[in-house]
Amino acid sequence: MLFKNSQDDYTLSVDPSITKLGIKISGGADSALVAYMLAKYAEAERPDLKIYPITGVSEKKPFQEIFSKQVIIKIQSLVNYTFSTHITGAVRSDINYVADQDTLVRYAYNSYGLQAHYAGITANPSAEQAPELVDPSEFNSDWYNDRQRGLEKKSYTSGRSTRPLINTDKQGVYEHYVTLGILEDIFPLTRSCETHTLDFSTHCGTCWFCAERQWGFGRLV
């Protein structure tokens, strides 16, 4: 199934030998989009495919489970497909965050027989495209620079993980939302803010993730 925008053309196709697949979903706009793409693909081409949402929940960011669950429910109301068990687990918010996410994914593989998984990792815009987003102080600069959208496409696969949006930045994600007709249905149910993590009534509008969301979508909600 082809998903395209002005930045990239991505053909979603899961090997027929794979029948159990994970999708890392955080409640953010990017992973919500990939979950929708997978559900549409399963509905049209692979109704045998079992897709398991995987959500790591930090004590400082409990919105992850809340927002990912409402996104899953909405997708199921829009697409004739039902996700399999939503796998959740606690992850720490410190330097162990990435390691804990990896541990949760391994648990999903071992406990539910997953054969591969998808993630909503996107590209970062270049300094010329969005100077206000370059080298956020809360992240190592390598994290930012390694994910900039360049002339050469980055690999969609890394081990058993597939990243359909790795060559698409937030403005490209917005294009997908519009093209797929899900902007008003799903986007308002997602969350990006990393400041107001215990108060879900609003986005702060100033943290890096809010700034990226505003840059890509022209709105926070």
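A crossing of two helices counts as left-handed if the near helix is turned anticlockwise from the far one by less than a right angle, and as right-handed if it is turned clockwise. By that rule, H5 and H7 make a right-handed crossing. Helices here are DSSP runs of H or I with at least four residues, strands are runs of E with at least two, and both are numbered from the N terminus.

The model is a predicted one, so local features need pLDDT of at least 70 and side-chain atom pairs count only at pLDDT 80 or more, while totals for chains, interfaces and linings use all residues. Residues are numbered from 1 along each chain as its sequence is written, and side-chain values use heavy atoms, with hydrogens and water left out.

Overall, the protein holds seven helices and eight strands. Its radius of gyration is 16 Å, close to the 17 Å that the globule rule gives for 221 residues, so the protein is as compact as a globular protein of that length. (The radius is taken over C-alpha atoms, and the rule is 2.2 Å times the number of residues to the power 0.38.) Along the principal axes, the C-alpha atoms fill a box of roughly 45 × 40 × 35 Å.

Now for the sheet. Strands of a sheet pair through backbone hydrogen bonds, either parallel or antiparallel. Two strands are taken as paired if DSSP finds at least two bridges between them. Six strands form an open sheet with mixed pairing, in the order S5-S4-S3-S6-S8-S7. Strand S5 (87-91) and strand S7 (157-158) sit at the edges with a single partner strand each, so one side of each has no neighbour in the sheet. Further in, S6 (residues 116-118) and S8 (residues 161-162) pair in the parallel sense over two bridges, and His117 has Ser161 in S8 as its bridge partner.

Helices lie against this sheet too. Axes are lines fitted to C-alpha atoms, for helices over the stretch in contact, and angles run from 0 to 180 degrees between N-to-C directions. Helix H2 (residues 63-78) lies across S4 (50-58) and S5, at about 155° to S4. Helix H3 (residues 97-112) packs on the sheet as well, touching S3 (20-24), S4, S5 and S6, and its direction makes about 150° with that of S5. Contact means heavy atoms within 4.5 Å.

Next come the helix pairs. Angles under 35 degrees count as roughly parallel, over 145 as roughly antiparallel, 65 to 115 as roughly perpendicular, and the rest as oblique. H1 and H2 pack at about 30° with axes 10 Å apart, and are therefore roughly parallel. In this contact, Ala32, Ala35, Tyr36 and Ala39 of H1 meet Val71, Ile75 and Leu78 of H2. By class, that gives seven nonpolar residues, no polar and no charged. (Ala, Val, Leu, Ile, Met, Phe, Trp, Tyr, Cys and Pro count as nonpolar, Asp, Glu, Lys and Arg as charged, and the others, Gly among them, as polar.)

H1 (residues 29-44) also meets H5 (residues 170-180): their axes come within 11 Å and cross at roughly 40°, which makes the two helices oblique. H1 passes H5 in a left-handed crossing. Among the residues in contact are Leu33 and Tyr36 of H1 and Val173 and Tyr177 of H5.

Finally, the axes of H5 and H7 (residues 208-217) come within 7 Å and cross at roughly 55°, so this pair is oblique. Their contact includes Tyr174 of H5 and Trp215 of H7, and its residues divide into five nonpolar, two polar and three charged.
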